Amino acid sequence: MSELHKNYIGGEWVGGDARPNINPSNTNEVIGEYAQGTAADAKAAIDAAADAFKTWSLSGIQQRHDILKATGDEILARKEEIGRLLSREEGKTLPEGIGETMRAAQIFHFFAGETLRLAGEILPSVRPGIDVTITREPVGVVGLITPWNFPIAIPAWKLAPAIAFGNTVVLKPADLVPGCAWTIVDILVRNGLPKGVVNLVMGRGSVVGQAILESPKVSALSFTGSVGTGKKVAEASIAVMRKFQLEMGGKNPTIVLDDADLKVAVETTANSAFFSTGQRCTASSRLIVTEKIHDQYVEALAARMKDLVVDDAIKQGTHIGPVVDKSQLDQDQNYIQIAKDEGGTLVAGGHLVERENPGFFLQPALFTGTTPDMRINKEEVFGPVASVIKVKDYEEALAVANDTPFGLAAGIVTTSLKHATHFKRNAEAGMVMVNLPTAGVDYHVPFGGRKGSSYGPREQGKYAAEFFTTVKTSYTQP
């Protein structure tokens, strides 16, 4: 058995029952053993964070800057090592794993700078001789619950602003991918983060996550995951009147108009729908195509899909790695069957693939002949499964694109400035892409959606301050 990676609570590495971290590209390989925290561990971590908040909330901005900068520097220096770990535990291809690791480093660097730019306001009072100042202060103990599909980027974009603005943290990463989160915390600790500021409790959501939800000492909670769990987070947070932030599901559309550059349309939608094994909340699974280009586009996309290599995430030349685990693979296959039963035509892929080692390999699937009311176009699959909906014109395409309870990302492929401009204004989504994949948002801009996809302030960039700080208005009569 390999060395146990322990939880980090109150400045101490704490052991517990072990859970193996399995490589989805080779299920015979155990990447490492990771501790499974208990409800008592979570409560101890919350207590440690509450105690540390008394001093960390008053810490100097240079100290925070230096820790965040050094953390980003080390992540960047170790990008190939950490990227390989990410690809082994989650299944992204190695270039994607390294790219995500670099993004995490950039996020820490960005928020290192933000510690030095946290500004307030000085306003005159309507009453002569009185000064008014508006400042931002840390919220308190922040619970962070992160998903498995971005094992380092999402923990980074929650941890970095929480620390930068003077909060203390209890982090619960997804049970499937504890390795990257453990590595970030280890780097933070070795770069001078004081005891109790960040606490790591790995384990099951029903145990560790529930303990975080139930604690009145947690002042704010940032969650990324499923819609069902997000609703539970909201209900529990309202019960104790805590601040909460939710990033949940998506059923993102990409429109392809008759005037689109066919090559751009194929590359953009292939990336949006299938790369990262389709396991991105910003993936485009609804491809809405106008009738004149429809047949040509489907033929070209199906041909492009034949060139996509599905194999071990680490292997050179792999375009698409495995599905993250057996449960997710079963879900993907179930939706493929649902699409067939509903009358969709499977024109490419959709079958299991055997490789050198046992893994969860699925050839990306493309359906045509689908309609907006089918389940395949209503429910999030979260896998490499996309469906084409044929429409008459741009107006119908826009209506179909917006006909969803979700609103995270939306894309359009067109050479028409008129349609591109209209779509950017009228797409009911938090992020809109023109002639670009819907997945891929810069680290310094806000991330988030509307409708059933997101709730609360945006993540990333300067907008992160809206969640991780609280505003105070002070009056002074000299």
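Biologist: Is the crossing of H1 and H7 left-handed or right-handed?

Modeller: Helices (H or I, at least four residues) and strands (E, at least two) are DSSP runs, numbered from the N terminus. A crossing is left-handed if the near helix is turned anticlockwise from the far one by less than a right angle, and right-handed if clockwise. By that rule, the crossing of H1 and H7 is right-handed.

Biologist: Good start! What kind of model are we looking at?

Modeller: Residues are numbered from 1 along each chain as its sequence is written, and side-chain values use heavy atoms, with hydrogens and water left out. Local features need pLDDT of at least 70, side-chain atom pairs count only at pLDDT 80 or more, and totals for chains, interfaces and linings use all residues: this is a predicted model.

Biologist: How does H1 lie relative to H7?

Modeller: Axes are lines fitted to C-alpha atoms, for helices over the stretch in contact, and angles run from 0 to 180 degrees between N-to-C directions. H1 (residues 39-56) and H7 (residues 205-214) have axes 8 Å apart and pack at about 40°. Angles under 35 degrees count as roughly parallel, over 145 as roughly antiparallel, 65 to 115 as roughly perpendicular and the rest as oblique. H1 is therefore, relative to H7, oblique.

Biologist: How many nonpolar residues does the contact of H1 with H7 have?

Modeller: With contact meaning heavy atoms within 4.5 Å, Ala39, Ala42 and Ile46 of H1 meet Val207, Val208, Ala211 and Ile212 of H7. Ala, Val, Leu, Ile, Met, Phe, Trp, Tyr, Cys and Pro count as nonpolar, Asp, Glu, Lys and Arg as charged, and the others, Gly among them, as polar. With no polar and no charged residues there, the nonpolar number is 7.

Biologist: Which residue in S16 stands opposite Thr345?

Modeller: S15 and S16 (residues 365-368) pair in the antiparallel sense over 3 bridges. Opposite Thr345, S16 places Thr368.

Biologist: And in the sheet of 3 strands, which residue in S5 stands opposite Leu4?

Modeller: That open sheet has the order S1-S5-S4, with mixed pairing. S1 (4-5) and S4 (17-23) each have a single partner strand, so one side of each is left without a neighbour in the sheet. S1 and S5 (residues 26-36) run parallel, joined by 2 bridges.

Biologist: At what angle to S5 does H6 run?

Modeller: H6 lies across S1, S4 and S5. Its angle to S5 is about 45°.

Key: Pairing = 2+ DSSP bridges.
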